[in-house]
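Trainee: Could you take me through this model feature by feature, giving the general idea before the particular case?

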Amino acid sequence: MADLGTALRDLTDAAVRTEVPAGELAAVAAAARELTARLRAVGRGVHEVASVDDPVTGERWYSPVHGPGNPVAPAVAVGDTPDGRATARVTVGKPHEGPPGLVHGGVVATLLDHVLARAVRAAGRGGLTATLTVHYRRPVPLGVPLLLTAEAGESAGRRSTATARLVAEDAPDTVLAEADGLFITLRPERAAEVFPSLADPAGTWTARTGDAGA
């Protein structure tokens, strides 16, 4: 799955950068449709969880941010520590371009949201994003290794906060973007409504460590 994801990311990058003639584009489109039909031979419904995923730990092979099997993911490498800190590294390419040569602002927000949630989860808390406030300090360039860091903040009841920042790895003192996030743990009955496809929805988005009923 990871190998296919990598191949499709390469294909996507080539597709948004190509200048081949129209005839070649048509031939490639036809070949892509044939491959699509092969993959659709066995699939799952839109609300079904992939067999390789682990919702309890939050591991999602097809995450649009870090999923190795997802061709739209910018292949973020993420790590965390038990003290509620998370780190992510990524080089964003042409498929996620906004203004010429720059990362789309929505993609920047998505990256920050992901690392914020990862920090909250590392601290032993669950939750879905309730609010996300992004401060765009400087344009974020394409093709530059980026570093994102996040730290879990206060927690009260079902509410948890976190902060994050994004810099270029070769200029760590210059902040390109910052974010604050608020995450809400779902009550068990609400979790069952939101995640009807999960046999046991108490996990990453629903339960805090040692406090599943929060």
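Mentor: What follows goes from the chain as a whole to its core, then to one helix and a few loop residues.

Mentor: This is a predicted model, in which local features need pLDDT of at least 70 and side-chain atom pairs count only at pLDDT 80 or more, whereas totals for chains, interfaces and linings use all residues. Residues are numbered from 1 along each chain as its sequence is written, and side-chain values use heavy atoms, with hydrogens and water left out.

Trainee: How many helices and strands does the chain have, and in what order do they run?

Mentor: Helices (H or I, at least four residues) and strands (E, at least two) are DSSP runs, numbered from the N terminus. Here there are four helices and six strands, and from the N terminus the order is α-α-β-β-α-β-β-β-β-α. The C-alpha trace spans about 60 × 45 × 25 Å along its principal axes.

Trainee: What share of the residues is buried, and what share of the contacts joins residues at least 24 apart?

Mentor: Buried means under 20% relative accessible area, exposed over 50%, and partly exposed in between, with a 1.4 Å probe and protein chains only; contact means heavy atoms within 4.5 Å. Of the 214 residues, 34% count as buried, and among contacts between residues at least 6 apart in sequence, 62% join residues at least 24 apart.

Trainee: Which residues have the most contacts inside the largest nonpolar core?

Mentor: A nonpolar core is a set of buried Ala, Val, Leu, Ile, Met, Phe, Trp, Tyr and Cys residues joined through side-chain atoms within 4.5 Å. The largest one has 30 residues, and those with the most contacts inside it are Leu111, Leu112, Leu148 and Leu166. Two or more residues each come from strand 2 (85-91), helix 3 (105-122), strand 4 (145-156), strand 5 (159-168) and strand 6 (171-184), and helix 3 gives the largest share, nine residues. Leaving aside neighbours within four places in sequence, Leu148 is in contact with residues including Ala86, Val90, Leu111, Leu112, Val115 and Leu166.

Trainee: What span should helix 3 have, and against which strands do its buried residues pack?

Mentor: The expected span of a helix is 1.5 Å times one less than its number of residues. The 18 residues of helix 3 should therefore span 26 Å, and its end C-alpha atoms are 26 Å apart, which agrees. An α-helix has 3.6 residues a turn, so residues three or four places apart point the same way. Among the buried residues of helix 3 are Val108, Leu111, Leu112, Val115 and Ala119, and the buried residues of this helix pack against strand 1 (77-81), strand 2, strand 3 (128-136), strand 4, strand 5 and strand 6. Just after helix 3, Gly124 takes a positive phi of about 90°.

Trainee: Which residue other than glycine has a positive phi, and where is its place?

Mentor: Most residues other than glycine have a negative phi, and most peptide bonds are trans. Ala75 has a positive phi near 60°; its place is in the loop between helix 2 (22-39) and strand 1, and it counts as partly exposed because its relative accessibility is 42%.
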